[in-house]
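Reader: I would like to learn how to read helix contacts and salt bridges. Please take them in turn.

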Amino acid sequence: MTGSTKTPRERYRQQVREEVKEKAWQQIAGSGASALSLNAIAKQMGMSGPALYRYFANRDELITELIRDAYRSLADAFIAAAGSGGAGRPGLTGLAKVLRRWALADPHRYFLVYGTPVPGYHAPADVTAIASELMAVLLDACATVAPAPAAIPDTEPHAFEEHLAAHRAWAGSHPDAPPPALRLALTFWSRLHGVLSLELAGHFTGMGLDPALLFDAEVDRLVTP
């Protein structure tokens, strides 16, 4: 096995950056992402503020790194599921299970990327590109479930269907995906995130409902013709 090509200085820098991110997640868990403070992290680590800024130039750079890690972990989980799903397609039920496990494993990570946006923060293009990887895997799965255009009754299209035909940039590497697959992907993403967001925020507490069963029922409705 080839050893690391990083210099001791580079390894130390990476170690400090990882420790900063660990402290950042602790802050987010206690006060939310909008209250993230590099100066507070520096104090926890026994460093001066200026010293810490040598590792992260500002709060937004740190948030970007946390969001990038979060999206990367979910994208990798989706891609791994796709690779084990036969012909590279895991199916919507498999992806739904991956999504729920990932969300419940770390609710703070989930809310950083799918919760209320951090005021004043704008994600760079490379973060958006990772999110597009998720949608690519999802669209592949939807293409095997959504009816072919010829199988859809010839009825007057809904206003959203007409809107979707002209607004498909979000489909990334699948710009020619058929409208039924696009619609199913959007429905999957919005409906399941709706259930997960309510569950993780505790809104089902006291209702006597089993969120896992509700989630499974929504998935069944999506995949059943």
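**Helix contact and salt bridges**

Author: Ala-70, Ser-73, Leu-74, Ala-77, Phe-78 and Ala-81 in helix 4 meet Leu-95, Val-98, Leu-99 and Trp-102 in helix 5. Contact means heavy atoms within 4.5 Å. These contact residues divide into nine nonpolar, one polar and no charged. Ala, Val, Leu, Ile, Met, Phe, Trp, Tyr, Cys and Pro count as nonpolar, Asp, Glu, Lys and Arg as charged, and the others, Gly among them, as polar. This is a predicted model, in which local features need pLDDT of at least 70 and side-chain atom pairs count only at pLDDT 80 or more, while totals for chains, interfaces and linings use all residues. Residues are numbered from 1 along each chain as its sequence is written, and side-chain values use heavy atoms, with hydrogens and water left out.

Reader: How many salt bridges does the structure hold?

Author: A salt bridge is a side-chain nitrogen of Lys or Arg within 4 Å of a carboxyl oxygen of Asp or Glu. The structure holds twelve salt bridges. One of them joins Glu-65 and Arg-17 (3.6 Å, N to O). Glu-65 lies in helix 4 and Arg-17 in helix 1 (residues 8-31), 48 residues apart.

Reader: Are Glu-65 and Arg-17 buried or exposed?

Author: Buried means under 20% relative accessible area, exposed over 50%, partly exposed in between (1.4 Å probe, protein chains only). Both Glu-65 and Arg-17 are buried.

Reader: What is the N to O distance between Lys-21 and Glu-18?

Author: Their side chains meet in a salt bridge at 3.1 Å. Lys-21 counts as buried because its relative accessibility is 6%, whereas Glu-18, at 37%, is partly exposed.

Note on methods: Helix = DSSP H or I, 4+ residues; strand = E, 2+ residues; numbered from the N terminus.
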